[in-house]
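Here's a quick briefing on how two chains meet. Have a look at the model, then read on.

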Amino acid sequence: MTELIGNAWTGWLDFTSGTKLAALFLAALLYLWLRGRWKEQKTLYLYSAWMAFFCMLPLTAALLMLYQTRFYSYVWLWSLVPVTAVTAWAVTELCVGYLQELKPADRKKRLPAALLLLAVPILCGGIGKTDFEPAKEREERARAREILTEVRDSQGGELCLWAPREILQYAREFDGSIRLIYGRNMWDAALGAYTYDVYSDELRELYFWMENTDGTGQARMKDQERGEITLQGADCMEEAVEAGAECILLPDRLERQTAEELAQAADAECSRLAGYYLLTRRGKDVE
Amino acid sequence: MGVLLCVCIILILTAIGNGILRILYGKKQENTFSFADALPMGAVAVTGTAEAAHLTALFAGLSFSAAVLIFAVLTALLFLASLFMIRIRRFERSGGKPSFFAWLFVLLVLAQVVYILAGRGVYVGGDQTVETVESFLCTDAIYQVNPLTGTEFQAGMPLRWKILCLPSLYGALARLSGLQASAVVFTVIPLITLLLCYSAFACLGRCLFPENRQKRECFLAAAALLLWAGNSLLGADGFGVLYCGFRGVVIRNAVLIPYLLSLILRKRRAAIWSCIAAEACIVWTLYGAGACLLIYAAMTALRLAGFRRSRAGGEEVS
């Protein structure tokens with residue numbers, strides 16, 4: 001429970017730090033109350049106000065988080081509050097209702113005033129400043145698709161792939177026949193809820209090595225039990241082959257000679273592919 | 001092709017929604033619903049057919065192709081039944097030209113449609129829908145392999161995930177249309193979610209401002225602006241609709257909840273319960289108890305409390 005309350009508090013801070021939509025919503029509630037408009041839809045207004053209050057208060061927020069199951073984080077709690085609907089209601093009352101009541105002499109000011117009022121939500125949001133980078137994600141996906149097309153075309157039939165994260169995360173959405181030795185749930189903890197399966201320490205080490213190897217094929221990893229250990233590329237290749245990898249993409253930062261040595265360790269052919277080393281296991285059909 | 005599929009789906013949903021509303025509320029109460037009601041109600045009904053097909057295939061051990069067939073037959077039957085139920089109504093044209101807000105709304109929605117069609121980034125953090133759809137299509141089976149790796153499950157997966165029908169629904173649309181799973185999940189469905197979202201807000205607008213068309217238009221324009229404004233915050237309606245409109249939680253937040261609010265304000269119980277059931281089919285809830293049920297319970301409690309207070313006040317006065 002203490003953990004949930006802590007999550008609720010940090011969640012609230014995160015929710016309010018990026019944009020001012022929560023502040024705008026509270027201002028909307030205040031406006032509807034002061035102008036007496038809330039009386040026209042009392043139930044909706046009271047529900048929104050109370051639910052927003054419960055979502056802000058860490059204790060009640062923690063209880064609501066229990067209700068929505070622990071799978072969803074704090075931010076999804078605000079699904080219960082009709083933020084968009086109530087804010088749009090207040091903006092409408094302000095833009096149409098209030099401005100219509102202006103004196104005839106001030107009517108020319110209506111349109112510019114309405115436009116300025118409509119600009120407020122935009123200024124309270126953060127257009128172009130997202131929690132993730134859409135443009136970067138789009139480029140990454142397009143590049144991964146090009147590489148995966150080449151990999152698939154160069155291999156006969158189905159394949160089991162091991163590759164850096166920027167390629168691996170798009171492999172299964174690109175082609176469901178590509179198998180992976182580990183999936184996106186290796187680094188996206190939220191995806192762990194979809195399965196009871198867990199990854200072995202060996203697979204976790206393979207992931208660490210792939211993302212952190214230096215030019216000579218070594219990666220230093222901190223382990224809680226063993227302290228700092230050095231993962232050797234050749235050992236990782238053998239582990240990967242044992243895990244079923246038939247096709248391995250190695251990052252460009254590896255030296256050419258190292259890549260060839262690793263290919264030998266994996267009993268594979270080494271070739272270059274769009275900034276990666278492509279290791280194809282001998283015995284696998286190559287078109 | 002994707003846009004054509006969208007148009008077909010919208011038409012089918014509208015027809016089905018109209019038919020369902022006629023069945024639920026008959027001729028007498030038909031006028032309390034607008035044209036905008038048909039789309040979300042159609043979506044709720046199709047969610048039901050998808051869930052039926054998904055559960056049948058899952059528990060009977062049928063192939064995914066069989067699930068697609070069941071879904072197609074059920075939806076076609078529902079569509080045909082709805083066609084018999086539909087009464088073509090002449091929609092009253094309210095006097096006057098569309099206001100500035102109506103044009104602003106159209107402009108904002110068109111910009112959002114173009115943004116989605118232009119292949120904006122897609123947020124897939126914490127979600128495996130597209131991989132699940134791909135694995136259904138590739139293996140022709142439901143949850144036989146781990147969607148994230150393509151290998152067999154070692155310890156299985158929670159039943160609460162297995163019973164959710166969205167991957168089967170999207171997979172069926174991909175199979176029936178011949179489109180790639182990623183095109184259906186990342187483009188077609190978010191476009192439909194966007195349109196469903198505005199239909200739901202239009203219904204809510206009619207409840208909030210029944211007599212004032214200009215206010216309704218302004219309400220929709222403000223909602224569209226707020227969706228743009230919320231595109232930077234994970235969990236906000238705008239972020240969901242623009243970057244991950246295929247997720248169950250986004251459909252719930254942007255479509256089911258605004259529509260549910262409009263139904264609660266109109267006291268339409270049967271339709272309210274269908275929204276609650278639809279949520280249980282698409283989102284991991286607390287044994288079926290999700291956001292829609294909580295909202296309905298809370299608003300009903302507030303209404304009853306208000307009714308009692310007003311009655312007590314009336315007695316005092318008298």
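A crossing counts as left-handed if the near helix is turned anticlockwise from the far one by less than a right angle, and as right-handed if clockwise. By that rule, H6(A) and H4(B) cross in a right-handed way. Keep in mind that this is a predicted model, where local features need pLDDT of at least 70, side-chain atom pairs count only at pLDDT 80 or more, and totals for chains, interfaces and linings use all residues. Residues are numbered from 1 along each chain as its sequence is written, chains are lettered from A in the order in which they are written, and side-chain values use heavy atoms, with hydrogens and water left out.

- Leu111(A), Ala114(A), Leu115(A) and Leu118(A) meet Phe100(B), Phe101(B) and Leu104(B) here.

**The whole interface**
- Contact (heavy atoms within 4.5 Å) links 82 residues of chain B with 77 residues of chain A.
- The two chains bury about 6,800 Å² between them, 67% of it on carbon and sulfur atoms (accessible area, 1.4 Å probe, lost on being put together, summed over both).
- Leu148(B), Leu226(B) and Leu233(B) supply 9% of what chain B buries against chain A, more than any other three residues.

**Charged pairs**
- There are two salt bridges between the chains (a side-chain nitrogen of Lys or Arg within 4 Å of a carboxyl oxygen of Asp or Glu).
- One of them joins Lys215(B) to Glu93(A), with the closest N and O atoms 3.0 Å apart.

Definitions and conventions: Helix = DSSP H or I, 4+ residues; strand = E, 2+ residues; numbered from the N terminus.
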